[in-house]
Amino acid sequence: MAKTKTAKPKKTARAAAAPQAVASPGPQSSAPAIDIGIGDKDRKRIAQGLSVFLADAYTLYLKTHNFHWNVTGPMFNALHAMFEEQYTEQWNALDETAERIRALGYNAPGSYAEFIELSSIKEEPGLEKAPEWREMVRQLVVGNEAVCRTARRALKTADDAGDDPSVDLLTQRLQTHEKYAWMLRSLLQ
């Protein structure tokens, strides 16, 4: 008997914006239930928002690092140093976001496939088609602004639930990414 293929449902933009958070510990765990003063539904929504934020932040980190490696032209020295400073700071912040998701009782996304599915930022090849420096800077402005928009959505969810640690984390990230967008945009004016 021939096997028939079942069509997979198409992913929608809404599915990417609301990933399925996986609780940890699971229902079979002997650990006590999480009781940090934020209800299960709110913790799940916050973790989902933080997961999308983490995916955008990681994709921007990777793009910034890619451009650090592959920048050329008359702005090489300045941009090579600026990109390194930015990706180093971004790298350190990724861990805080993932750990906040874990503190809320959910698993953090941690694979390229998950980040690609969740992120609103397009990856950029580096091996053969690295863009020229102005396009790199433009893309990093757009990427930092995308991270800001994602952070604002997650921040609203966290604020509505009274999750001050997530609000604080996202507020700090907003300040950093707004500053990066401004600094980068200034290079193009």
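The structure holds 6 aromatic pairs. This is a predicted model, where local features need pLDDT of at least 70, side-chain atom pairs count only at pLDDT 80 or more, and totals for chains, interfaces and linings use all residues. Residues are numbered from 1 along each chain as its sequence is written, and side-chain values use heavy atoms, with hydrogens and water left out.

**Exercise 1.** Work out how the rings of Tyr-58 and Phe-115 are arranged.

*Solution.* Start with the rule: rings of Phe, Tyr and Trp (its six-membered ring) pair if their centres lie within 6.5 Å, and planes under 30 degrees apart count as stacked, over 60 as edge-to-face and the rest as tilted. Here the centres are 4.6 Å apart and the planes sit at 20°, so Tyr-58 and Phe-115 are stacked. Helices here are DSSP runs (H or I, at least four residues), numbered from the N terminus.

**Exercise 2.** Decide whether Leu-60 is buried or exposed, and find its contacts.

*Solution.* Buried means under 20% relative accessible area, exposed over 50%, partly exposed in between (1.4 Å probe, protein chains only). Leu-60 has 0% relative accessibility, so Leu-60 counts as buried. Leu-60 belongs to helix α2. Now skip neighbours within four places in sequence: the contacts of Leu-60 (heavy atoms within 4.5 Å) include Gln-90, Ile-121, Leu-140 and His-177.

Technical notes. Helix = DSSP H or I, 4+ residues; strand = E, 2+ residues; numbered from the N terminus.
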